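This report covers aromatic side chains and their surroundings. The structure is shown first, and the notes follow.

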Amino acid sequence: MILQLQSMNDGKVYRSLCMKIDAKRWARAFSPLRRYHFMTSNVAESLNSALRNARKFPVSTVLEFIRGLIQKWFHERGEKAAERTEVLTEHVTKIMMSNKAYADFMAVKAISSYEFQVLDGTRERFVNLQDRTCSCQKFQLDLLPCAHAIAAIRWAGQELYSYCAEYFKSENLRQLYSAHIYPVGHPDDWQVPTEIKSQNVLPPLGFVSAGHPQKTRFPSAGEKRRTRRKQQVCYICKKAGHNHLKCPNENVIGLSNPSDMEEVPEVSRGRRRRTNGVRRCSSCGQSGHTRLTCQIPRMDSLEDDNNFSHPW
């Protein structure tokens with residue numbers, strides 16, 4: 001991202017934003033607080049999506065729905081964590097495998113028993129295994145060995161997993177989901193104190209706006225809302241991807257079974273005036289004109305002329 005800012009407007013954006021603003025406000029490596037990779041509200045949005053259909057019910061029903069949902073999540077994820085045999089969790093294992101692949105191409109030079117100089121091909125890094133730090137800042141920020149630290153740990157012949165934080169281990173994940181969520185039971189079986197029963201709880205005071213309540217969240221600035229478009233299906237051939245105006249089967253009536261399709265003359269299509277964007281006559285079925293300028297007389301009009309009796 002820094003390289004992109006430096007390339008915008010000959011570096012003017014980088015100089016105006018990054019150089020004038022303290023690095024601890026926009027760089028995670030210089031922040032005095034420990035931050036994660038992303039600062040989003042995805043967890044809250046995922047929970048709101050799970051409660052989308054239950055929000056229209058009363059508060060007591062919504063609370064019971066949330067309790068049952070968390071009970072289901074704890075049970076399913078607890079069983080999944082119990083079946084895992086690896087030391088690290090699934091997501092962290094993928095990160096470590098990627099770091100190991102980069103560490104295979106690095107050269108290590110020892111400075112002391114716990115300090116190492118690591119060459120990654122373009123730059124050199126300084127790794128301190130005793131303090132668990134690296135000059136690339138990833139080791140101390142992620143609490144996981146980076147590629148430079150993995151190369152140094154291999155050279156020292158030490159255990160790799162001992163330098164990983166306990167948060168990322170499968171044992172900690174099993175302990176997290178070891179708790180159980182129990183149902184609250186029927187309200188008639190609750191033992192409510194007398195002082196609680198004597199309280200009269202009133203609804204909160206507030207103004208309710210007219211119209212239906214908002215069910216979807218408002219998009220953030222710069223966010224594009226994804227719309228789900230219904231797939232178009234042709235009623236002639238019953239296939240998706242086009243409509244009846246652009247149907248390739250001009251002389252075929254679409255049925256549910258392709259073997260039951262039968263050919264019909266163009267004139268019998270009557271109400272279908274266009275095929276593939278071409279105007280067709282509703283009288284003779286030919287293209288290039290309408291029924292008002294059709295030169296072929298209709299059979300029913302000829303019969304009417306033969307049956308017409310003149311009054312004189």
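## Basis

A residue is buried under 20% relative accessible area, exposed over 50%, and partly exposed in between (1.4 Å probe, protein chains only). The model is predicted: local features need pLDDT of at least 70, side-chain atom pairs count only at pLDDT 80 or more, and totals for chains, interfaces and linings use all residues. Residues are numbered from 1 along each chain as its sequence is written, and side-chain values use heavy atoms, with hydrogens and water left out.

## Aromatic pairs

There are 3 aromatic pairs in the structure (rings of Phe, Tyr and Trp, the last by its six-membered ring, with centres within 6.5 Å; planes under 30 degrees apart are stacked, over 60 edge-to-face, the rest tilted). One of them joins F74 and Y177, which is edge-to-face because the planes lie at 75 degrees, with ring centres 5.2 Å apart. This pair links distant parts of the chain, 103 residues apart: F74 lies in helix α4 (residues 59–82) and Y177 in the loop between α8 (170–176) and α9 (194–197). Helices here are DSSP runs (H or I, at least four residues), numbered from the N terminus. F74 is partly exposed at 23%, while Y177 is buried at 18%.

Y167 and F168 also pair edge-to-face, 6.5 Å centre to centre with 85 degrees between the planes. Y167 is exposed at 62% relative accessibility, whereas F168 is buried at 17%.

## Tryptophan contacts

The charged end of R77 sits over the ring of W73, 5.2 Å from its centre (NZ of Lys or CZ of Arg within 6 Å of the ring centre and within 35 degrees of the ring normal).

W190 is located in the loop between α8 and α9 and is partly exposed, at 43% relative accessibility.

Conventions:
Helices (H or I, at least four residues) and strands (E, at least two) are DSSP runs, numbered from the N terminus.
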